[in-house]
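Here is a short tour of one protein chain. Keep the sequence beside the 3D view as you read.

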Amino acid sequence: MAHDTTHEGSATKRIWFVFAILSVVTIAEVILGIIKPAFLTDTMFLGMRLLNWIFILLTIYKAYYIAWSFMHLEHETKGLRRSIVWTSIFLISYLIFILLTEGGYIYEVYKSGHVAWDF
């Protein structure tokens, strides 16, 4: 019975630790979203505000950490972890690229009426 109590205690400790990490990241996102520091909203990096890049990176971190802890990827083999994580990172990066490219084009169409891409 003592072994079961120790195991429950470590599992409970692990859950609270994951909760604390995810809470800190979420609170940081909310505070940045409310305050919107001028140096982050005025600074552009790769065609997008630095604040938006911070939000994207923090969201990807939270998604990775949720998969790592709640989907028990930390206990899997290295090959399986890499196949899941790198595939997800590639697909998320590709989605961000497509959204930014198409969003910029649609913005220009609404702004100027017509944009032609001549190659």
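## Lys62 and Glu29

Apart from neighbours within four places in sequence, Lys62 is in contact with Leu22, Val25, Thr26 and Glu29. Contact here means heavy atoms within 4.5 Å. This is a predicted model, where local features need pLDDT of at least 70, side-chain atom pairs count only at pLDDT 80 or more, and totals for chains, interfaces and linings use all residues. Residues are numbered from 1 along each chain as its sequence is written, and side-chain values use heavy atoms, with hydrogens and water left out.

Lys62 sits in helix α3, residues 50-70. Helices are DSSP runs of H or I with at least four residues, strands are runs of E with at least two, and numbering starts from the N terminus. Now turn to Glu29. It belongs to helix α1, residues 2-35. Leaving out neighbours within four places in sequence, Glu29 is in contact with Phe55, Leu58, Thr59 and Lys62.

Is Lys62 buried or exposed? Lys62 counts as buried, because its relative accessibility is 17%. The cut-offs are these: buried means under 20% relative accessible area, exposed means over 50%, and partly exposed lies in between (1.4 Å probe, protein chains only).

| Residue | Relative accessible area | Class |
|---|---|---|
| Glu29 | 13% | buried |
| Lys62 | 17% | buried |
| Ile35 | 57% | exposed |

## A patch on the surface

Ile35 is also found in helix α1. Together, Ile27, Val30, Ile31, Ile34 and Ile35 make a nonpolar surface patch of about 500 Å². Patch residues have over 30% relative accessible area and no salt bridge; like charges are joined within 9 Å, and nonpolar side chains (Val, Leu, Ile, Met, Phe, Trp, Tyr) within 5 Å. A salt bridge is a side-chain nitrogen of Lys or Arg within 4 Å of a carboxyl oxygen of Asp or Glu. Areas come from the Shrake-Rupley method with a 1.4 Å probe; for residues, only the protein chains shown count as cover.

## The whole chain

The protein chain has 4 helices and 2 strands. Along the sequence, the pattern reads α-α-β-β-α-α. Of its 119 residues, 17% are buried. The chain exposes about 9500 Å², and carbon and sulfur atoms supply 72% of that. Take the contacts with a separation of 6 or more: 48% join residues 24 or more positions apart.

Helix α4 covers residues 78-112, which is 35 residues. From first C-alpha to last, α4 reaches 50 Å, close to the 51 Å expected at 1.5 Å a residue. Just after α4, Gly113 takes a positive phi of about 100°.

Technical notes. Expected span 1.5 Å × (residues − 1).
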